[in-house]
Amino acid sequence: MARYARHLTLSEIGEKGQLKIRDSRVLIVGAGGLGCPAALYLVAAGVGKLGLVDPDKVAYSNLQRQVLYRTDEVGELKVERARKTLLSLNPETEIVTYPFALDVSNSKEIFQEYDVILDATDNFSTRYLVNDTCFFLKKPNIFASVSRFEGRLAVFLPGGPCYRCIYPNPPEEAILNCAEEGVLGTVPGILGTFQAMEALKIILGLKDKTQTQLLVFDLLPLDFSQTRILKHPNCSLCGPSPTIRKIESIDNPCEIAPEIEVETLKNELRGSSSIALIDVRELDEFSQGTIAGAKHIPLSTLLNDGVEMASNKSLVVICESGKRSQVAARDLIKKGHSHVRSLKGGFQLWRKLALYH
């Protein structure tokens, strides 16, 4: 009574609604920028069972936005650290962890245990897998995504339109937006909190089941737009003549090429002649400094002209931040080069770390 006093005084919740929350089971796919605030608010609200799916470990770059984790937890599994923090907030909630990636072999079995699914993922292959699994199991899918200062939110309910009605297939150009697009830390905090709100509305029966809205937030000018989503007549999943009849895996266009850390590259370059450095920045950037021995091949030239590379060398691609080098590395891999890596953080990080050594 004391813990949920502010819920009990709301006529829309009361004791009956709080019991509904207690009996609810919510799954969050992705324990990152979106999943962290969503988990905190759902556990604080008193959900009976919360599942967390995420294979990753805590990294320093997570701490700017993933508020469940602390500096001394870097290197540990996200879901396990999240479980400990969430139980300290509310020991009455059952926290179930899945420290592995969601895939076709396990999504159905996991989803069956839950009433509401939150898509807090950061890649397209998992996003479509969440959508398709929710469709076949008739589970509500609360979707959110973020980039830079923007966010998107939609709730896909059983019998209504699905994610494929607005995004039939993953965009082929996704790699240009996923590698190192960046995000202001508060943006996923806001969107993840909205996801928790929508989950509670479904649990309490407060959700409008007649419409699905796509909300697009631009938090720099603090503006948002709202568009009604209708069932697409040719949707390959929920349309009248579906071509997708079972849960299938989706190739991830946002899958990144292998990366190499700055310190690792420095160590490998010492006394080694087996590494070829390729700087894909523009000439004005290259002329202001690069890594000693790097060959300058602008990205447009590399992509369009089929530049020949030494077959006996391990290729490391450099750009300013690590974004263009990802595009170049993927292109080189597609062209048959077996050992290609992108410098994580780019020359910007290389230069920055050099100031402190």
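My cut-offs are under 20% relative accessible area for buried, over 50% for exposed and partly exposed in between, with a 1.4 Å probe and protein chains only.

**Ground rules.** I am working on a predicted model, where local features need pLDDT of at least 70, side-chain atom pairs count only at pLDDT 80 or more, and totals for chains, interfaces and linings use all residues. Residues are numbered from 1 along each chain as its sequence is written, and side-chain values use heavy atoms, with hydrogens and water left out.

**Positive phi.** I looked up the backbone of lysine 138 next: phi is positive, about 60°, although the residue is not a glycine. Lysine 138 sits in the loop between α6 (124-137) and β5 (141-147). Helices (H or I, at least four residues) and strands (E, at least two) are DSSP runs, numbered from the N terminus. Leucine 222 is another non-glycine with positive phi, near 55°. I placed leucine 222 in the loop between β7 (212-218) and β8 (223-229). With a relative accessible area of 70%, leucine 222 is exposed.

**Core.** I then turned to the largest nonpolar core, which has 39 residues. Such a core is a set of buried Ala, Val, Leu, Ile, Met, Phe, Trp, Tyr and Cys residues joined through side-chain atoms within 4.5 Å. Val26, Ile28, Leu42, Leu50, Leu52, Leu86 and Leu118 have the most contacts inside the core. Helix α9 (residues 186-204) gives the most to this core, with seven residues. I listed what leucine 86 touches (heavy atoms within 4.5 Å), leaving out residues up to four places away in sequence: Ala39, Leu40, Val43, Leu50, Leu52, Leu68 and Ile95.

**Helix α9.** How far apart are the end C-alpha atoms of α9? They are 27 Å apart, which agrees with the 27 Å that its 19 residues should span at 1.5 Å a residue. The expected span is 1.5 Å times one less than the number of residues. Among the buried residues of α9 I noted Val187, Leu191, Gln195, Glu198 and Leu200. Glycine 205 follows α9 and has a positive phi, near 75°.

**α2 against α9.** The axes of α2 (residues 14-22) and α9 come within 9 Å and cross at roughly 115°. I took axes as lines fitted to C-alpha atoms over the stretch in contact, with angles from 0 to 180 degrees between N-to-C directions. Gly17, Lys20 and Ile21 of α2 meet Leu200, Ile203 and Leu204 of α9 in this contact.
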